[in-house]
Amino acid sequence: MKPANLILLAAIVALAGWRADAQTYDTNNDVVQIFAGSGAVGALNAQGTLASFSSPQFVVADTFSNLYVCDSGNGVVRKITPNGTASTFVTVPGSGNGESGMAIDGNNTIWMIGFGQISQNSFGYGINEIGSNGSITFLTYSGVNLNSGICTDSGNNIYFTAGNQIYRISSQGVLTLFAGSTSSGSQDANGIYSTFSTPKTLGADQAGNIYVWDSGNLKIRRIDQNQNVTTIAGNGSNTSVDGVGINTSFSSIYSMCGDNQGNIIMACGSSIRKMSATTNVVTMAGSFSQSSYANGAGALARFSGASGVCLSQGMVFIADANNERVRQISFNPQPQLVTPANLALHTYAGLTINGLVGRTYQVQSSPDLSTWTTRATLLLTSSPYLWIDQNPIAGNKFYQAILLP
């Protein structure tokens, strides 16, 4: 190719908006699996892959390991028990007109940015307070809109964004301005002397630090409990690059949550990313450039519209909106022995498994409880699931079931 053609090619690439996104995958053997949802749009309450959703947008977990999903297309909040059984928890007035954040506090009260009735003749955005008994109170605050984010900390304080500012509602119900001024900017400073540009998604760690996706600046900002604002990650480039601190970049962050090790987990549309306490950012699963559906190890998994993330039972759960599913990420998954409480023996040779619909189980038998032989590998299509041994033999025979990763 002639030099002139090389120059022309470079110009075409630049005009096409080409960008190089760099991913570094987590080394924790993260594996993505389906937890609930068939992939078809619907509102069916059932277990595992028999359930259906319509644009599940956000997900939070209570202190009993139940999940609550903002099922925005159906205008409801769905509850999913630890065994994957989905039910309708509450219908939210105005839900489906646009929700931009969901959080839950230590009292299992859900807080969700949404659309509702402000007065007799006016409607607008506010915060739905949803009690553990399903009661709903719509709270209005100036500046709350479709761009607002919300989170809670370990002290049951609630934080939300309004315009270019972040507010705090204390556990006693006192509203204060936590950080930011009405001006748009990117100034790191204390409290009202700092500036943001359309701050959206919020998250918190166990130490009470608040993390802000400052969408107008394309940066992650951290606010400590002394209200000091610090830019900790992102260089302002509208790309996706893993790395450390300001050497990283983010094109979008829709949800954030913190684990017990100081990591911040982020749902980023087609990928799930993790930032350590030292601001090292890696990809847990998914792709920066490919949006689709696939389960499997981190680099092989695919998401489409992953907009909600939470932690429960030592796993990460994701509201994968465009795939109409709730997905889970397990760490170093190993086969799990099904407990006797979830098995039932019968007078005929076989057993009943109470397990997770859509997951694979292995049935094993033994003559002496020492040497085990695999008798069947089956996909649970219902729960309870009856399995009958088609080749019984004389003498003692014991059975066990293994949940495969």
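**Close-ups of a predicted model**

**View 1. Who sits around Y361?** Skip the neighbours within four places in sequence, and Y361 is still in contact with V338, I353, G355, L356, A376, T377, L378, L380, I402 and L403. Keep in mind that what you see here is a predicted model.

**View 2. Y361 again, now as part of the largest nonpolar core.** This core has 30 residues. Y361 is among those with the most contacts inside it, along with F35, L67, I80, V363, L378 and W387. L378 also turns up in View 1, as one of the residues Y361 touches.

**View 3. An open sheet of 4 strands.** Follow the strands in the order β6-β7-β8-β9 and you'll find antiparallel pairing. The edges belong to β6 (101–104) and β9 (136–139); each has a single partner strand, so one side of each has no neighbour in the sheet. On average, neighbouring strands here are turned by 45 degrees against each other, ignoring direction.

**View 4. Zooming in on β8 and β9.** Strand β8 covers residues 122–130 and is joined to β9 by 4 bridges, with the two running antiparallel. Look for E129: it stands opposite T137 in β9.

**View 5. I192 in its loop.** I192 is found in the loop between β13 (175–179) and β14 (199–204). Is I192 buried or partly exposed? Its relative accessibility is 45%, so I192 counts as partly exposed. Along the chain, I192 and A179 are 13 residues apart, yet 4.9 Å separates their C-alpha atoms. Leaving out residues up to four places away in sequence, I192 touches A179 as well as L177, G180 and S181.

Technical notes:
Residues are numbered from 1 along each chain as its sequence is written. This is a predicted model: local features need pLDDT of at least 70, side-chain atom pairs count only at pLDDT 80 or more; totals for chains, interfaces and linings use all residues. Side-chain values use heavy atoms; hydrogens and water are left out. A nonpolar core is a set of buried Ala, Val, Leu, Ile, Met, Phe, Trp, Tyr and Cys residues joined through side-chain atoms within 4.5 Å. Buried means under 20% relative accessible area, exposed over 50%, partly exposed in between (1.4 Å probe, protein chains only). Contact means heavy atoms within 4.5 Å. Two strands pair if DSSP finds at least two bridges between them. Axes are lines fitted to C-alpha atoms, for helices over the stretch in contact, and angles run from 0 to 180 degrees between N-to-C directions.
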